[in-house]
Amino acid sequence: MATDLLEAGPDDAVDGVAARFVARPSSTAEVASVMTAAAEEGLTVVPRGGGTKLGWGPPPTTADVVLDLSAMDAVLDHQAGDLIVEAQAGATLATVRETVGKEGQRLVVDETLPGATVGGSLAAHASGPERLLVGTVRDLLIGVTMVRADGVVAKAGGRVVKNVAGYDLGKLLVGSFGTLGVVTEAIFRLHPVPEAQAWVTAPVADADEAHRLAHAVVHGQSVAAAVEVDLDESGRGTICALLNGRHDGVTQRASAVAATLGSAADVATAPPAGWAAYPWGSGAVGLKLTCVLSGLRDVLTAAAEVGASVRGSAGAGVLYAALPAGDEQAVAAATDRLRQACTAHGGSTVVVEAPPGLERSLDLWGPVPALDLMRRVKDQFDPDHRLAPGRFVGGI
């Protein structure tokens, strides 16, 4: 094997689960070599990028080998004329942004945590404010190279935006927490850097006002790139709309949005504090809430009832909430209340991060209607269940 297995240290633990070995490959071929050797020895493997979201989801049942992809950090190709970029899984979003930015382009994937990588963002399906207009990382992915649990390399999609051959494989891998395969390279669709940007922010007193103003902006004529709320535990806070485009157009549209949001609205050329960041800090419970737009009021009302602060996309119905890590019963009851509100409006509530002792006692995922299908997919991709075992829904 070209890449040796090194003895793991305390810093290589995955969400509290100690690892035995660490492998640091620098290419897809070396990843394949590691996976082949691990299969022969019956070792479990947990992929790791920047490590920014290793605490998301449940811990693995075992972690014999941590597959550290940090050495695979290159931007392999940037075809500015075709608006595509190809990068290794360990490349940070910041590196990709810097590279393509030299040609006046950008990968519209918000860096919700400093140091987030391409592979980790795909595995966790992380997304930020600008998901409203351009979609999430899943929508921008047009090609992927992955290594199966048995060491076989597979590719899907291609280097042309309209080439959709095998594209479903890429979609399947996004959000799978590394349980189906190891993404080693990815190709994304890019967008031009806008000439101008404006953030229009206004205070909101409660969930009802946030709901009303979010609907007014989303259904208006200004075509906001993002519509975000940032509410404290009482349900008070701000709503903010982002406008992108040409200077004159952004100025006019920002004025129109400000008029919609009211006399207290402020227009700025820089984002407000907390933009694109999760609302929780160390030791808190972090949740992802989803709902259809019509259910925003009820979800935000439920969050205020349980004392959760909320930040996220009011326009797209993808919100993140923070709860203090109190006693198990209180957190479980608050999670159930949020889950009830989200489920009633076509969404879900997932506990993405919590202190280890509390994490193991909570129902992190809630009801999963397609669980049987997901288990069959897992069995097809990883019949021995050696890739990040237990990290996904239903112990997958």
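**Sheet order and helix packing**

Strand β12 (residues 196-204) pairs with β15 in the antiparallel sense over three bridges, where pairing requires at least two bridges found by DSSP. Within this pair, T201 stands opposite D266 of β15. The model is predicted, with local features needing pLDDT of at least 70 and side-chain atom pairs pLDDT 80 or more, while totals for chains, interfaces and linings use all residues. Residues are numbered from 1 along each chain as its sequence is written, and side-chain values use heavy atoms, without hydrogens and water. Helices (H or I, at least four residues) and strands (E, at least two) are DSSP runs numbered from the N terminus.

Eight strands make up an open, antiparallel sheet in the order β15-β12-β14-β13-β17-β18-β16-β19. The edges are β15 (266-268) and β19 (349-353), each with a single partner strand, so one side of each has no neighbour in the sheet. On average, neighbouring strands of this sheet are turned by 20° against each other, direction ignored.

Helix α9 (residues 296-305) lies across β13 (226-231), β16 (285-290), β17 (309-313) and β18 (318-323), at about 10° to β18. Axes are lines fitted to C-alpha atoms, for helices over the stretch in contact, and angles between N-to-C directions run from 0 to 180 degrees.

Helices α7 (residues 207-218) and α8 (residues 247-261) pack at about 150°, with axes 10 Å apart. The two are therefore roughly antiparallel (angles over 145 degrees). In α7, L213, A216 and V217 meet V257, T260 and L261 of α8, contact being heavy atoms within 4.5 Å.

Definitions and conventions
Angles under 35 degrees count as roughly parallel, over 145 as roughly antiparallel, 65 to 115 as roughly perpendicular and the rest as oblique.
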